[in-house]
Amino acid sequence: MPLAVSVVVAVQNEEGAVADVVRELKSVFDEGLGADGFELIFVDDKSSDGTVAQLRELQKTVPNLRVVLHEKNVGKSGGVRTGIMSARTNIIAMMDGDGQNPAADVLRTALKLLNASPDVGLVAGERKRRQDTASKKWASRWANGIRKRMLNDGAEDTGCGIKAIRRDVFLRLPYFDNMHRYIPALVNREGYKTLFERVEDRLRTTGHSKYTNIGRLWVALSDLPGVMWLNRRYRHPGSTTEL
């Protein structure tokens, strides 16, 4: 199968998980698309542990693993953007690098977009059973509820790392720090449809979350007025034709 899907994973200090994530992705995508049907793009966001060394070693046995290094730390949204800009395909599958996202769900989400009509710009994962502390789930549920009501984006769980998006659609979106939490609303703003896919969530067994509960709430809601403003100020031209 020709190259069809680019898997983008932004990582920072995930030396305990990154090798297993790469190997699981390779096994699942080899079976689903064939060895030539996908590429893995891992973007290291200025790790200070052994993440980069492990990725370099993995490249010896995973030929379609590409590693892009940030000179400075810019956060998850910046890492995702770097990976998508580097991608060689138009179907981008995104996931977290902490081992909580099953590769089989990532493949299924990517295939759903690959087989969707052109007016579908995004397939967003929604976790069936979150494997987090009660306080973390409460904070996420509260923030998701406010965002959904204010933006009417139809999304129950924008914090899920599994998403599949068309590269040309992503490049239309306004970029800002932590914009990954608002991708469904921004895709809808461009006139594309979003589909949702139920996915599994696994316990994090290594490393630690980059956010506290308060920090997660602040990040999730501080940009909400700006996204609402972007939606209000956008005037969509409908379909376009060139003479």
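**Cavities**

I began with the second largest cavity, where strand E5 (residues 120-127) gives three residues to the lining, the most of any element. This is a predicted model, so I kept to its limits: local features need pLDDT of at least 70, side-chain atom pairs count only at pLDDT 80 or more, and totals for chains, interfaces and linings use all residues. Residues are numbered from 1 along each chain as its sequence is written, and side-chain values use heavy atoms, with hydrogens and water left out.

I noted the terms. A cavity is a set of points, on a 1 Å grid over the protein atoms alone, where a 1.4 Å probe fits but cannot get out; lining residues have an atom within 4 Å of a point. Points are joined across faces, edges and corners, and a volume is the space filled by probe spheres set on them. Helices (H or I, at least four residues) and strands (E, at least two) are DSSP runs, numbered from the N terminus.

The second largest cavity holds about 30 Å³ of space. Its lining is Ala-124, Gly-125, Glu-126, Ala-155, Asp-157, Thr-158, Lys-163, Pro-184 and Phe-196. I sorted these into four nonpolar, two polar and three charged. Here Ala, Val, Leu, Ile, Met, Phe, Trp, Tyr, Cys and Pro count as nonpolar, Asp, Glu, Lys and Arg as charged, and the others, Gly among them, as polar.

How many cavities of 30 Å³ or more are there? The count is two. Lys-76, Val-80, Met-94, Met-95, Asp-96, Gly-161, Lys-163, His-180 and Ile-183 line the largest cavity. E4 has the largest share, three.

**Strand E4**

Next I checked E4. Is E4 buried or exposed? Six of its six residues are buried, so E4 is largely enclosed by the rest of the structure. Buried means under 20% relative accessible area, exposed over 50%, and partly exposed in between (1.4 Å probe, protein chains only). Ile-91, Ala-93 and Met-95 point one way from E4, while Ile-92, Met-94 and Asp-96 point the other way.

**The sheet**

I then traced the pairing; two strands pair if DSSP finds at least two bridges between them. Seven strands form an open sheet in the order E3-E2-E1-E4-E6-E5-E7, with mixed pairing. E3 and strand E7 (193-199) are the edge strands, each pairing on one side only.

Strand E1 (residues 5-11) runs parallel to E4, joined by six bridges. Val-7 stands opposite Ala-93 in that pair. E4 and E6 run antiparallel, joined by four bridges. Ile-91 has Arg-166 in E6 as its bridge partner. E5 and strand E6 (residues 163-166) are antiparallel over three bridges. There Ala-124 stands opposite Lys-163.

E2 and strand E3 (residues 65-69) pair in parallel over five bridges. From E2 the chain crosses through helix H2 (residues 51-58) to E3, a right-handed β-α-β crossover. Right-handed means that, with the strands pointing away from the viewer, the path from the first strand over the helix to the second runs clockwise.

**A loop residue**

Last, I found Gly-34 in the loop between helix H1 (18-33) and strand E2 (38-44). Gly-34 counts as partly exposed because its relative accessibility is 23%. Its C-alpha atom is 6.3 Å from that of Met-1, 33 residues apart along the chain.

Notes: 1 Å grid on protein atoms, 1.4 Å probe; cavity = no way out; pocket = protein on both sides within 12 Å on 5 of 7 lines; lining within 4 Å.
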